[in-house]
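Here is a short briefing to read alongside the model. Please take a look at the fold before going on.

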Amino acid sequence: MIEVENLTRTYGDLTAVDRVSFEIGHGEIVGLLGHNGAGKTTIMKMLTGFLEPSDGEIRVDGLDLATRRREVQRRIGYLPENCPLYPEMAVIDYLDHRAALQGVPPAQRAAAIRDAIARTALEAKAREPIATLSRGYRQRVGVAQALLHAPAILILDEPTNGLDPSQIHQMRALLEDLAGNATLIISTHILSEVEAVCDRVLILRAGRLVLDQPLAELRAGDRLLVMLDRPPDEVAARLVGLAAATGVTACTPLGEDSGPGPRRYALTTADPDAAAPRVARRIAEAGWSLYGLWSERRDLDSLFREVNAREEVEHV
Ligand SMILES: Nc1ncnc2c1ncn2[C@@H]1O[C@H](COP(=O)(O)OP(=O)(O)OP(=O)(O)O)[C@@H](O)[C@H]1O
């Protein structure tokens with residue numbers, strides 16, 4: 001649905017986006033991650049046709065953005081960073097104005113506005129001037145204007161930027177709801193947001209795409225953690241020695257749990273979820289007490305730091 005090839009944008013001597021390529025399919029929920037200045041906004045502006053690339057191509061549903069900009073824009077709803085709103089206008093009047101600008105036919109405007117207001121839960125604020133709304137509600141107005149022409153693709157630049165924790169929670173619920181109906185690209189530097197709603201992550205560093213992977217794949221570790229009250233040599237002998245049956249190739253005691261009680265061990269295996277029942281069986285057969293058994297999950301935070309610390313570009 002969205003194909004980006006060698007996308008590049010320079011500002012004078014600065015290469016803000018550097019030969020970025022990716023494809024996004026129908027219904028995917030993609031998080032665009034990166035530190036401040038990594039190039040997220042620049043990519044989003046180019047995807048939405050508001051900024052000319054210096055080089056590279058963007059195609060949406062096979063349409064070349066460079067030559068079919070209007071048609072592509074009709075397929076995309078865009079929440080820009082710091083979405084410009086008219087504070088003196090009431091929410092409903094602003095949405096009417098935006099619907100007209102987005103080419104929603106007059107006969108369909110009332111229904112489009114009603115629908116956008118309902119989906120962003122703005123009913124109670126519809127007649128209020130935008131100036132009187134909290135930042136969380138203003139962001140929702142920004143999302144509502146992006147929904148007016150019923151786009152198949154939503155591009156949201158830092159939708160939770162500047163919101164307080166309860167507003168973030170509400171925005172996340174809204175994003176989850178939107179995710180059910182559209183292809184979604186969300187830029188953020190808040191990792192928990194990506195973990196909450198996205199199924200794929202693109203990580204940018206200094207304008208270059210350094211990682212493009214499904215979140216489930218990223219988070220899956222290769223370690224099974226087990227809690228036992230047996231000494232390390234016995235555990236290794238039983239669980240690594242039976243590698244053919246368990247897939248476990250190494251067993252490392254985790255240092256922080258020394259002492260007389262149960263301690264944690266990390267078992268290395270290609271597929272921790274598949275190894276878990278076999279390991280449990282081996283432990284039961286030995287008559288040992290099993291205090292805990294779980295697959296390790298990598299958190300996005302440490303992964304993000306790891307990726308940003310790397311010097312080389314990773315081609316995925
Ligand atoms: N109009 C411009 N003129 C010159 N440089 C620009 C312009 N817009 C962006 N830049 C630079 O391009 C780089 C990428 O900026 P961009 O806004 O795309 O990053 P970002 O990842 O969205 O950052 P943030 O999280 O802070 O919004 C930055 O170094 C920025 O200073």
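How much of the chain over residues 2–231 is helix and how much is strand, and how far apart are the end C-alpha atoms? Over residues 2–231, 34% is helix and 31% is strand, and 54 Å separate the end C-alpha atoms. Helices (H or I, at least four residues) and strands (E, at least two) are DSSP runs, numbered from the N terminus. This is a predicted model: local features need pLDDT of at least 70 and side-chain atom pairs count only at pLDDT 80 or more, while totals for chains, interfaces and linings use all residues. Residues are numbered from 1 along each chain as its sequence is written.

**Domains**
- The protein is divided into domain 1 (2–218) and domain 2 (221–297), with bounds that come from an automatic or database domain assignment.
- The centres of domain 1 and domain 2, taken over C-alpha atoms, are 45 Å apart.
- An unreviewed UniProt entry lists residues 2–231 as "domain: ABC transporter"; UniProt positions are in the numbering used here, feature names are shortened, and annotations may be inferred rather than shown by experiment.

- Strand 1 and strand 2 run antiparallel and are joined by seven bridges; among the pairs, Ile 2 has Ile 24 in strand 2 as its bridge partner.
- Two residues lie between strand 1 and strand 2 in their hairpin, and Gly 12 in the turn has a positive phi of about 60°.
- Strand 1 (residues 2–11) also pairs with strand 4 (residues 55–60) in the antiparallel sense, over five bridges.
- In strand 4, Asp 55 is the bridge partner of Thr 8, and Ile 58 stands opposite Val 4.

**Around the ligand**
- The ligand is surrounded by 13 residues, the closest being Tyr 11, Ala 16, Asn 36, Thr 41 and Thr 42 (near means a C-beta atom, placed from the backbone, within 6 Å).
- Strand 2 and helix 1 (40–47) are the elements that give two or more residues to this shell, and helix 1 has the largest share, three residues.

**Thr 249**
- Thr 249 lies in strand 12 (residues 248–253).
- Leu 239 is ten residues from Thr 249 in sequence and 8.6 Å away in space, C-alpha to C-alpha.

Technical notes
Pairing = 2+ DSSP bridges.
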